[in-house]
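Subject: Handover of a structure and notes on its contents

Dear colleague,

Please find below the structure that I am passing on to you. My notes on it come directly after.

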Amino acid sequence: AAGESPVKSPLPGVILDIRIKEGDTVAVGQTLVVLEAMKMENNIDADRAGVVKQILVQQGATVMEGDVLIVIG
């Protein structure tokens with residue numbers, strides 16, 4: 001959809017924490033998800049401001065590189 005931006009996983013790992021919920025307004029640089037990959041915690045931050053349209057993962061889920069985690073509109 002026009003104006004929607006997917007936030008993708010930069011590497012394979014496990015979702016440790018989801019710090020936002022659908023409908024939240026997020027700012028650039030805000031941490032959206034904490035991903036554990038290779039025994040390290042990685043913050044997945046918003047690359048643009050907007051409203052969280054969809055959260056496509058849940059805590060504890062295993063994701064692969066390139067998987068869409070969140071959609072920001």
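Predicted model: local features only at pLDDT ≥ 70, side-chain atom pairs only at ≥ 80, totals over all residues.

Residues are numbered from 1 along each chain as its sequence is written, and side-chain values use heavy atoms, with hydrogens and water left out.

The first sheet

Strands are DSSP runs of E with at least two residues, numbered from the N terminus. Two strands pair if DSSP finds at least two bridges between them. Buried means under 20% relative accessible area, exposed over 50%, and partly exposed in between, for a 1.4 Å probe and protein chains only. Contact means heavy atoms within 4.5 Å.

An open sheet of 4 strands has the order β1-β8-β6-β3, with antiparallel pairing. Its edge strands are β1 (5-8) and β3 (25-26), each of which pairs on one side only. Between β1 and β8 there are 4 bridges in the antiparallel sense, and V7 stands opposite I70 in β8. Further along, β6 and β8 are paired through 3 antiparallel bridges; here V52 has I72 of β8 as its bridge partner. Finally, β3 pairs with β6 (residues 50-55) over 2 antiparallel bridges, and V26 is opposite G50 in β6.

In general, the side chains of a regular strand alternate between the two faces of the sheet.

Strands β4 and β5 run antiparallel and are joined by 6 bridges; within β5, M40 stands opposite A37.

M40 belongs to strand β5 (residues 40-45). M40 counts as exposed because its relative accessibility is 52%. The C-alpha atoms of M40 and G13 lie 9.5 Å apart, although 27 residues separate the two in sequence.

The nonpolar core

A nonpolar core is a set of buried Ala, Val, Leu, Ile, Met, Phe, Trp, Tyr and Cys residues joined through side-chain atoms within 4.5 Å. The largest one has 15 residues, of which I15, V26, L32, L69, I70 and I72 touch the most other members. Strands β4 (31-37) and β8 (68-72) are the elements that give two or more residues to this core. Beyond its neighbours within four places in sequence, L69 is in contact with residues including V7, I15, I44, I55 and V63.

S5 is located in strand β1. With a relative accessibility of 13%, S5 counts as buried. Residues up to four places away in sequence aside, S5 touches D47, R48, I70, V71 and I72.

S9 lies in the loop between β1 and β2 (13-18). S9 is buried because its relative accessible area is 3%. A polar atom of the S9 side chain lies 2.6 Å from the backbone oxygen of L11. When neighbours within four places in sequence are left aside, the contacts of S9 are L35, V63, M64, E65, G66, D67 and L69.

Salt bridges

Side chains of opposite charge can pair when their charged atoms come close. The structure holds 2 salt bridges, a salt bridge being a side-chain nitrogen of Lys or Arg within 4 Å of a carboxyl oxygen of Asp or Glu. One joins the side chains of R19 and D17 at 3.1 Å, N to O. Both residues of this pair are partly exposed: R19 has a relative accessible area of 47%, and D17 has 27%. Another salt bridge joins the side chains of D24 and K21 at 3.5 Å, N to O. K21 counts as exposed, at 55% relative accessibility.

With kind regards

Key. Polar contact = N/O pair within 3.5 Å; in protein donor to acceptor, adjacent residues only side chain to side chain.
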